[in-house]
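Grab a pencil and have the model open beside you.

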Amino acid sequence: MKYKIAALALAAVIIYSCKSSSTATATTEAKPNVVATTASPTVLTPELMEGKSLYENNCAKCHRLYDTKEFSAEDWKPIVARMQKKAHLDDIAGQKIYNYVSMK
């Protein structure tokens, strides 16, 4: 009898722990890709989202991600050019990253 109770308890724990969190993902997926700024939120286009993804996935490998507002668009040009070479990214990826980090 103790074996059956233990087996049922174990099964209940396994089933409960495997429960999907579809409620949490459904609410986050329903929101558009918005970047909050002090003035108003900016909706990211697919190209800007790709630039953001490239920025987060390539730049964070070696150092912290800088806030895009820390530098002006002119300041970002040499930074992106230098880092693009170090990260072995092509010109298209570098331009997408630049477009993302220089947007205001």
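Contact here means heavy atoms within 4.5 Å, and helices (H or I, at least four residues) are DSSP runs numbered from the N terminus. This is a predicted model, where local features need pLDDT of at least 70, side-chain atom pairs count only at pLDDT 80 or more, and totals for chains, interfaces and linings use all residues. Residues are numbered from 1 along each chain as its sequence is written, and side-chain values use heavy atoms, with hydrogens and water left out.

**Exercise 1.** Work out which residues of helix 4 are buried, and what covers them.

*Solution.* Start with the helix: residues 73-86 make up helix 4. Next, apply the cut-off: buried means under 20% relative accessible area (1.4 Å probe, protein chains only). That picks out W76, I79, V80 and Q84. Finally, look at the cover, which includes helix 3 (46-59) and helix 5 (91-101). Take V80: leaving aside neighbours within four places in sequence, V80 is in contact with G94, I97, Y98 and V101.

**Exercise 2.** Decide whether K96 is buried or exposed, and find its polar partner.

*Solution.* K96 sits in helix 5. Its relative accessible area is 18%, so K96 is buried. Its side chain makes a polar contact (N or O atoms within 3.5 Å, one able to donate a hydrogen and the other to accept it; residues adjacent in sequence count only if both atoms are side-chain atoms) with the side chain of E50, at 3.0 Å.

How values were computed
Helices (H or I, at least four residues) and strands (E, at least two) are DSSP runs, numbered from the N terminus. The expected span of a helix is 1.5 Å times one less than its number of residues. Buried means under 20% relative accessible area, exposed over 50%, partly exposed in between (1.4 Å probe, protein chains only).
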